[in-house]
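This report describes one protein chain. Please look over the sequence and the structure before reading on.

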Amino acid sequence: MALVFLGFIAYLNYPRLVRLVENKPVYYADCSHARAVGAPTPIYRWEPGYRSEMDGDDDGAACEPWR
């Protein structure tokens, strides 16, 4: 049962996992650019494409949908 749950979580986060595995340099001009190209948001500090300039409250998550 736990394995099925983990598989479901991995499925939901597939775009994010692909970005971590590919490890290509990613640059987004701003949060609207990131959203326009389909980046899963928020973008966390350890993920490619994160820039501190896009993290308004310096909590480690840029382009939060609630900001």
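The sections below cover the fold, the nonpolar core, one arginine and the salt bridges.

## Overall fold

The model is predicted. The protein chain contains 3 helices and 2 strands, arranged along the sequence in the pattern α-α-α-β-β.

Of the 67 residues in the protein chain, 31% are buried. The protein chain exposes about 4,900 Å², with carbon and sulfur atoms supplying 63% of that area. Among contacts between residues at least 6 apart in sequence, 30% join residues at least 24 apart.

## Nonpolar core

The largest nonpolar core is made up of 9 residues. Its members are Tyr28, Cys31, Ala34, Ala39, Ile43, Tyr50, Met54, Ala62 and Cys63.

One of these members, Cys31, touches Met54 and Cys63 when residues up to four places away in sequence are not counted.

Arg35 is part of helix α3, which spans residues 31–36. Its relative accessibility is 38%, so Arg35 counts as partly exposed, the class between the buried limit of 20% and the exposed limit of 50%.

Leaving aside residues up to four places away in sequence, Arg35 touches Thr41, Cys63, Glu64 and Pro65. Arg35 and Pro65 are 30 residues apart in sequence, and their C-alpha atoms are 9.8 Å apart in space.

## Salt bridges

The structure holds 2 salt bridges. One of them joins the side chains of Arg45 and Asp58, at 3.3 Å from N to O. Arg45 and Asp58 both lie in the loop between β1 (43–44) and β2 (61–62), so the pair ties together parts that are 13 residues apart in sequence. Arg45 is partly exposed, at a relative accessible area of 45%, whereas Asp58 is exposed, at 55%.

A salt bridge is also formed by Glu53 with Arg51, whose closest N and O atoms are 3.3 Å apart. Glu53 has a relative accessibility of 60% and therefore counts as exposed, the limit for that class being over 50%.

Key
Residues are numbered from 1 along each chain as its sequence is written. This is a predicted model: local features need pLDDT of at least 70, side-chain atom pairs count only at pLDDT 80 or more; totals for chains, interfaces and linings use all residues. Side-chain values use heavy atoms; hydrogens and water are left out. A nonpolar core is a set of buried Ala, Val, Leu, Ile, Met, Phe, Trp, Tyr and Cys residues joined through side-chain atoms within 4.5 Å. Buried means under 20% relative accessible area, exposed over 50%, partly exposed in between (1.4 Å probe, protein chains only). Contact means heavy atoms within 4.5 Å. Helices (H or I, at least four residues) and strands (E, at least two) are DSSP runs, numbered from the N terminus. Accessible areas come from the Shrake-Rupley method with a 1.4 Å probe; for residues, only the protein chains shown count as cover. A salt bridge is a side-chain nitrogen of Lys or Arg within 4 Å of a carboxyl oxygen of Asp or Glu.
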